[in-house]
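Please look over the model below before reading on.

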Amino acid sequence: MNIDVIISANHINEEYLKNKIVVVIDMLRATSVIATAINNGAKEVIPILTVEEALKKKEELKANGIEALLGGERKAVKIDGFDFTNSPLEYTKEKIEGKTIILTTTNGTRAINLSKKAKKILIASMLNARAVVDALKNEKEDIIFINAGTNGEFSMDDYICSGYMISLLCRETCCNLSDISKTAKIIYENNINIIDFIKEAKHYNILKSLNLENDLYYCIKKDIIKIVPYFNKYKNSIEK
Ligand code: MLT
């Protein structure tokens, strides 16, 4: 299988994704939120681009008898009137089991929405990396790891997370790596304790300055979640 990496949502060429399997990564923190929410029993997560669209979606669902919860961030902080921030630790079983969550984030939900031309879209983070690799290892199509990045720029955290999954995948099956995916693998294999690497990352330091250390410690955990959320094109939402 051919493997490639795209370094940020701004670098997505939607036509390039056709017939390919896309793995969207925003480990700090949107895809960690999605993996956690679905793992804790959320019925679905609807990824939305803007705050206005999210509020509109909530009203639309309400008119159909569905009481959805709103989650996400702008500049990493809570959006006025929303139920949750973008902290995965808030999405507990008690609060979200059986619920529909409408999520809007700066980079993560944008990357997912820009990936819709792909054949399949899987949602990945460090938390569920091994489960994602298990889901990928028998695929025949090309695989693209899409890093959500930070405000259109490359981010060290998403890149090393790609490297971790590429490293695992190469142990399972024969992979033809582009130079950028080979570099991700090498970087991961030389920085297995990823905190030492990502503590240099811009977004890591933004979250730290907001006293969100607990989110950081949680999001770097490897393989504690055994499920793979995927984007259901017919329902426009993410589910298990
Ligand atoms: C995003 O989608 O930009 C992020 O997940 C930002 C954040 O850490 O809240």
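**Notes on the model**

1. Strand 2 (21-25), strand 6 (120-124), strand 7 (143-147) and helix 6 (156-172) are what the buried residues of helix 5 pack against; contact here means heavy atoms within 4.5 Å. Helices (H or I, at least four residues) and strands (E, at least two) are DSSP runs, numbered from the N terminus. Helix 5 spans residues 129-136, and its buried residues are A129, A131, V132, V133 and L136. Buried means under 20% relative accessible area, exposed over 50%, and partly exposed in between (1.4 Å probe, protein chains only).

2. This is a predicted model, in which local features need pLDDT of at least 70 and side-chain atom pairs count only at pLDDT 80 or more, while totals for chains, interfaces and linings use all residues. Residues are numbered from 1 along each chain as its sequence is written, and side-chain values use heavy atoms, with hydrogens and water left out.

3. Helix 6 also packs on helix 7 (residues 179-189), at an angle of about 95 degrees and with the axes 7 Å apart. Axes are lines fitted to C-alpha atoms, for helices over the stretch in contact, and angles run from 0 to 180 degrees between N-to-C directions. The two helices are therefore roughly perpendicular, a label given to angles of 65 to 115 degrees. Residues of helix 6 in this contact include Y159, I160 and Y164, and those of helix 7 include I180, A184 and Y188.

4. The structure holds 16 salt bridges, each a side-chain nitrogen of Lys or Arg within 4 Å of a carboxyl oxygen of Asp or Glu. E141 pairs with K119, the closest N and O atoms being 2.5 Å apart. This pair links distant parts of the chain, 22 residues apart: E141 is in the loop between helix 5 and strand 7, K119 in the loop between helix 4 (108-113) and strand 6. E141 is partly exposed at 21% relative accessibility, and K119 is partly exposed at 48%.

5. K235 forms a salt bridge with E239, with closest N and O atoms 2.8 Å apart. K235 is partly exposed at 47% relative accessibility, whereas E239 is buried at 12%. Elsewhere, a network of salt bridges links R130, D134, K137 and E172.

6. On the surface, V77, I206 and L210 form a nonpolar patch with about 210 Å² of accessible area together. I206 lies in helix 9 (residues 202-209) and counts as partly exposed because its relative accessibility is 34%.

Conventions. Patch = residues over 30% accessible without salt bridge, like charges linked within 9 Å, V, L, I, M, F, W, Y side chains within 5 Å. Areas by Shrake-Rupley, 256 points an atom, 1.4 Å probe, with all protein chains shown as cover. Parallel < 35°, antiparallel > 145°, perpendicular 65-115°, else oblique.
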